[in-house]
Amino acid sequence: MTIQDAKRIRWHIDIAHLMELYPWVEFRTFCECGVGPLDISAAVDVHDKRLADRILLVEPNPQLADIAAARMPRAEIMRVAIGEQAGRMNLRLNGGSSYLEGTWAPTKSSGSDTLVDVVTFDQIDDGRIDCLVLDCEGQEWRVLSKMRSMPMILSVEVWAGHPHESEIFGWLEKNRYKLRFTTGPSGETMVFTIFQRP
């Protein structure tokens with residue numbers, strides 16, 4: 001990486017490096033909900049280093065989904081939003097901070113919107129997700145509350161004021177996730193693990 005590359009990165013969670021620390025684990029599925037701009041996506045290195053058998057990316061913003069598909073040809077791109085119930089809703093377009101209209105989001109926008117399909121997470125979770133990155137603009141609890149998998153590595157973004165903060169942290173505690181580190185402008189992105197060396 002050059003200095004110029006480093007200057008372009010706002011913050012980056014090196015999930016690939018964390019996965020490499022557990023060479024005895026065969027990661028079945030890596031999933032990132034809210035791929036967003038690729039310079040802050042965890043998926044690119046996981047894809048390029050082939051650290052998981054399957055790469056599942058959820059990105060409802062059409063432009064960002066196109067960019068992810070072009071950059072990561074082996075990845076399965078789900079061009080849907082995760083929500084409380086299946087259907088169709090307006091996605092308020094705000095780059096990597098796009099969110100479902102009428103829902104809480106950390107960075108509100110008055111920009112344009114587009115109609116997107118919405119699914120519940122249990123519709124796409126086959127129980128084999130071993131590494132999960134959640135940056136889905138307020139819908140993190142919608143993922144966790146419907147999850148079938150129990151990821152060994154879990155990154156979740158919880159901004160101050162998140163309406164489901166207590167549910168998210170209660171779920172993490174109940175399922176014995178251990179906090180490893182935090183990152184982001186205010187420490188809102190937290191990385192947890194639940195496995196130990198055999």
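Begin by selecting Arg50, which is exposed, with a relative accessible area of 59%; here buried means under 20% relative accessible area, exposed over 50%, and partly exposed in between, with a 1.4 Å probe and protein chains only. Arg50 has a positive phi of about 55° although it is not a glycine, and it sits in the loop between helix 3 (43-48) and strand 2 (52-58). Helices (H or I, at least four residues) and strands (E, at least two) are DSSP runs, numbered from the N terminus.

Before moving on, note that this is a predicted model, in which local features need pLDDT of at least 70 and side-chain atom pairs count only at pLDDT 80 or more, while totals for chains, interfaces and linings use all residues. Residues are numbered from 1 along each chain as its sequence is written, and side-chain values use heavy atoms, with hydrogens and water left out.

Next, display the seven strands that form an open sheet with mixed pairing, in the order 3-2-1-8-9-11-10; two strands pair if DSSP finds at least two bridges between them. Strand 3 (76-78) and strand 10 stand at the edges, each with a single partner strand, so one side of each is left without a neighbour in the sheet. Within the sheet, strand 1 (residues 27-33) and strand 8 (residues 129-134) run parallel and are joined by five bridges, and Cys33 has Leu134 of strand 8 as its bridge partner.

Now select strand 11 (residues 189-193), where five of the five residues are buried. On one side are Thr189, Val191 and Thr193, and on the other Met190 and Phe192, so that both faces are covered. Strand 9 (residues 153-157) runs antiparallel to strand 11 and is joined to it by five bridges, with Phe192 as the bridge partner of Leu154. Strand 10 (residues 178-183) also pairs with strand 11 in the antiparallel sense, over five bridges, and there Phe181 has Val191 as its bridge partner.

**Helix 6**

Select helix 6 (165-174), and colour Ile168, Trp171 and Leu172, which are buried. Seen down the helix axis, the buried residues fall within an arc of 100°, taken from the directions from the axis to the C-beta atoms, so they line one face of the helix. On the other side of helix 6, Ser166, Glu173 and Lys174 are exposed. The buried residues pack against helix 5 (140-144), strand 9 and strand 11, where contact means heavy atoms within 4.5 Å.

Continue to Arg176, in the loop between helix 6 and strand 10. Arg176 has a positive phi of about 60° although it is not a glycine, and it is exposed, with a relative accessible area of 73%.

**Salt bridges**

Finally, look for the 10 salt bridges that a search of the whole structure finds, each being a side-chain nitrogen of Lys or Arg within 4 Å of a carboxyl oxygen of Asp or Glu. Select Lys49 and Glu20, whose closest N and O atoms are 3.6 Å apart; Lys49 is in the loop between helix 3 and strand 2, and Glu20 is in helix 2 (residues 15-20), 29 residues apart.

Then select Asp117 and Arg88, a salt bridge with its closest N and O atoms 2.6 Å apart. Asp117 lies in strand 7 (residues 113-119) and Arg88 in strand 5 (residues 87-92), so the pair ties together parts that are 29 residues apart in sequence.
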